[in-house]
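The structure is shown first, and the description follows.

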Protein chains: 2
Amino acid sequence: MFYLIGLGIYGWKGLSVEGLNACKNADSMFIETYTNIIQKEYIIDLEKTINKKIRELSRDDVETKSEELFIDKSKKSDVCLLVGGDPLTATTHIELLRLCKEKGIKFKVVHAASIYNSVCETGLHVYKFGKSCSIPFPEPHYNPTSFFDIIEQNQKIEAHTIVFLDIKKDQDKYMTISEGLNILLNISKEKKSFFNDNTKVIGIARLGSPDQVIRYGSVKELLNFDFGKNPHILIVPKMGKIEEEYAKELYS
Amino acid sequence: MFYLIGLGIYGWKGLSVEGLNACKNADSMFIETYTNIIQKEYIIDLEKTINKKIRELSRDDVETKSEELFIDKSKKSDVCLLVGGDPLTATTHIELLRLCKEKGIKFKVVHAASIYNSVCETGLHVYKFGKSCSIPFPEPHYNPTSFFDIIEQNQKIEAHTIVFLDIKKDQDKYMTISEGLNILLNISKEKKSFFNDNTKVIGIARLGSPDQVIRYGSVKELLNFDFGKNPHILIVPKMGKIEEEYAKELYS
């Protein structure tokens, strides 16, 4: 049996009881740390808890060597692959389920919290979130603005937008909320769009960790606010009155 | 300290390790079973696991008596309130955090999987989901169609829609996928909209449980498909080619 198991939004203790039981009973354990960043210390701590070794896999291992490395093993033994957040918000991982189906291997997805549901800690209503988008680091000949279109579309239909900020793990580069806001300001100025210094936004840092920060305020205010270490995420909300009151009272 | 803890999408084993630890250390335990249905047997099983009693709360207990029942207790002892799914997808629960803040009581939200992230098990990309909507049971003088507008808006911007189907727990009435589809068909016919017998949809029953069912097909096909027991959920997708291939291969 192949278990695809989510670790939740922080460390490894967002792992569900069902997921932990599967790990304890597993014949072999794998973890991928490229779609979500998971610190080495958490892996070591989890290894101690379940009393077995966990092999770390690269993107190439998961995307091109999955059959030989772990899928085929699942035919005759119990194999767990751990993934940060919910295991299927990383959209490429559905391919692993397809492979199992093709080969007649039983599989089970063990879900966990992801940023997509945890954002409701902001006070925003989860059913009002629209499509999400990502801001990439600008490069000399690469300056996309399609993420801004998604925010504009959502604003028009009264929907909030989760804005993911680029992570270049190999270069140890993590886009901050300030950097993301400046990119949005520049595009908006050029397009003569709604987004400006006074637009109300929500910044989130290290959600789920003991030192998480959620902050609601105008772009101007949040540009200079110190959110601390990565990862950072930004929300461009289209708030109703009640949502605004909660965000203000809890996070400003 | 006040802990607001999610139980995940099925039974109680979607509870995270962090949540389980908080329960084990808690001075008092509460659960609300009105925003999500949680079977009595799961509560009893969890009580055995954490070796303490869990008091069940009604909507009225949580919405009008929270201070006397559990919030004020959190000032001097550790109190856990368990909620099905993620604890804040039930939008009214943010009020409990506001109360804590007002009273200077420390609080911690322990997130868990909810339907909002777990739907990606369909193969649909999570970042492409738009606002969600709910179909209520039609009543003699109450026939809203605003949920249909949300589906139409999402279709226009290439976004998927999660369509929640009404639950009237007190009357033991649960809308089935078939009933939901028929309501959508009728509205679409009247509005001359896009939704018809050949529209491709995804039906989901009992997600996260050992006998979950996910089925992809045309409205015509799914109208007559037996999804078994509640709860049922419907997705009206706006699929890209890759999403469609996965849905077809895995669930048709």
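The helix axes used below are lines fitted to C-alpha atoms over the stretch in contact, and the angles between them run from 0 to 180 degrees between N-to-C directions. The model is a predicted one.

Two packed helices are described by the angle between their axes and the distance between the axes.

| Helix pair | Axis distance | Crossing angle |
|---|---|---|
| α1(B) and α2(B) | 9 Å | about 70° |
| α7(B) and α8(B) | within 11 Å | roughly 75° |

In the pair formed by α1(B) and helix α2 (residues 40–50) of chain B, the axes lie 9 Å apart at an angle of about 70°, which makes α1(B) roughly perpendicular to α2(B). On the α1(B) side the contact involves B:L20, B:C23 and B:K24, and these meet B:L46, B:T49 and B:I50 of α2(B). By class, the residues of this contact are four nonpolar, one polar and one charged.

Helix α7 (residues 146–156) of chain B and helix α8 (residues 177–191) of chain B have axes that come within 11 Å and cross at roughly 75°, and α7(B) and α8(B) are therefore roughly perpendicular to each other as well. From α7(B) the contact draws on B:F147, B:F148, B:D149, B:I151 and B:E152, while α8(B) supplies B:I183, B:L184, B:I187, B:S188 and B:K191. Six nonpolar, one polar and three charged residues make up the contact of α7(B) with α8(B).

**The interface of chain B and chain A**

The size of an interface is often given as the accessible area lost when the parts come together. Chain B and chain A bury about 4300 Å² between them, and 63% of that area is on carbon and sulfur atoms. Chain B gives 52 residues to the contact, and chain A gives 52 residues.

Between chain B and chain A, 29 residue pairs are in polar contact, counting those with both residues at pLDDT 80 or more. Two salt bridges are found across the interface; in a salt bridge between A:R98 and B:E249, the closest N and O atoms are 2.9 Å apart.

Which elements give two or more residues to the side of chain B that touches chain A? They are α1 (17–25), α5 (94–103), β5 (107–110), α6 (115–118), α7 and α10 (241–251) of chain B. The largest share, five residues, comes from α5(B). Taken by class, the side of chain B that touches chain A has 22 nonpolar, 18 polar and 12 charged residues.

Terms used
Residues numbered from 1 in each chain as written. Chains lettered and ligands numbered in written order. Predicted model: local features only at pLDDT ≥ 70, side-chain atom pairs only at ≥ 80, totals over all residues. Heavy atoms only, no water. Helix = DSSP H or I, 4+ residues; strand = E, 2+ residues; numbered from the N terminus. Parallel < 35°, antiparallel > 145°, perpendicular 65-115°, else oblique. Contact = heavy atoms within 4.5 Å. Nonpolar A, V, L, I, M, F, W, Y, C, P; charged D, E, K, R; others polar. Buried area = accessible area lost by both parts, 1.4 Å probe. Salt bridge = Lys/Arg side-chain N within 4 Å of Asp/Glu carboxyl O. Polar contact = N/O pair within 3.5 Å; in protein donor to acceptor, adjacent residues only side chain to side chain.
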